[in-house]
Amino acid sequence: PWQRVQPGDAMRLDGVSFEVLAPDSTWTARQSDANETSVVLRVSYGRVAFLLTGDAEGEEEQWMLEHVHPALLRADVLKVGHHGSRTSSTPGFLNAVQPRLGLISLGAGNRYGHPSPQVLASFGARGVPLLRTDRDGNVVISTNGQQIQATTRGQTWTISSATHNQVTCSGRSQAPRC
């Protein structure tokens, strides 16, 4: 059945853990922009964690920095908030998450100009590979709990070590790029 979620809600299904990090109902009540009330989930399996941020922008990211334990923000894969707009992926938030791979969901040639050059530069400066649906098409990211595999257009990349952004490729001459 449908139910409203709140930070701290969690469930486990087939070894996969889901934890709601945001939004808090008090925070939500003060917002006039629905993007600032996106549900943010941390999904983890084994040693690999994903942070799914919906349309969260900088204000919600700041709320999480102030109210969510830093260990829960840390994730290997970050679904970049608000289609990579300039109002998302603030430096403080990226520093807390420390992603090894970013995924931006957006339409090709969108009228908003997403993703923002500043967001792309921020990921590039951190050496974080980005996959973008406008350029890469459908993206499937999977994990065995140790490694991350990203597949798009018949090409697969494996990000192996939890301590290194070592990317190996099959079916393509270069790794995902910013």
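1. The model is predicted, so local features need pLDDT of at least 70 and side-chain atom pairs count only at pLDDT 80 or more, while totals for chains, interfaces and linings use all residues. Residues are numbered from 1 along each chain as its sequence is written, and side-chain values use heavy atoms, with hydrogens and water left out.

2. R135 forms a salt bridge with D136, at 3.7 Å from N to O. The term denotes a side-chain nitrogen of Lys or Arg within 4 Å of a carboxyl oxygen of Asp or Glu. D136 is buried, with a relative accessible area of 5%. Side chains of opposite charge can pair when their charged atoms come close. The structure holds four salt bridges.

3. Which residues are linked in a network of salt bridges? They are R74, D76 and R100. The side chains of R74 and D76 meet at 3.1 Å, N to O, and the closest N and O atoms of D76 and R100 are 2.8 Å apart. D76 lies in the loop between helix 3 (70-73) and strand 5 (77-79), and R100 in the loop between helix 4 (91-97) and strand 6 (101-104), so this pair ties together parts 24 residues apart in sequence. Helices (H or I, at least four residues) and strands (E, at least two) are DSSP runs, numbered from the N terminus.

4. D76 is buried at 1% relative accessible area, and R100 is buried at 4%, whereas R74 is partly exposed at 26%.

5. S44 belongs to strand 3 (residues 40-45). S44 counts as buried because its relative accessibility is 18%. Leaving aside residues up to four places away in sequence, S44 touches G15, V16, S17 and A49, where contact means heavy atoms within 4.5 Å.

6. The largest pocket has a volume of about 180 Å³. On a 1 Å grid over the protein atoms alone, a pocket is an open set of points where a 1.4 Å probe fits, with protein on both sides within 12 Å along at least five of seven lines; lining residues have an atom within 4 Å of a point. The lining includes W2, R4, P23, D24 and V39.

How values were computed: Points joined across faces, edges and corners; volume = space filled by probe spheres on them. Buried < 20%, exposed > 50% of the residue type's maximum accessible area, 1.4 Å probe, protein only.
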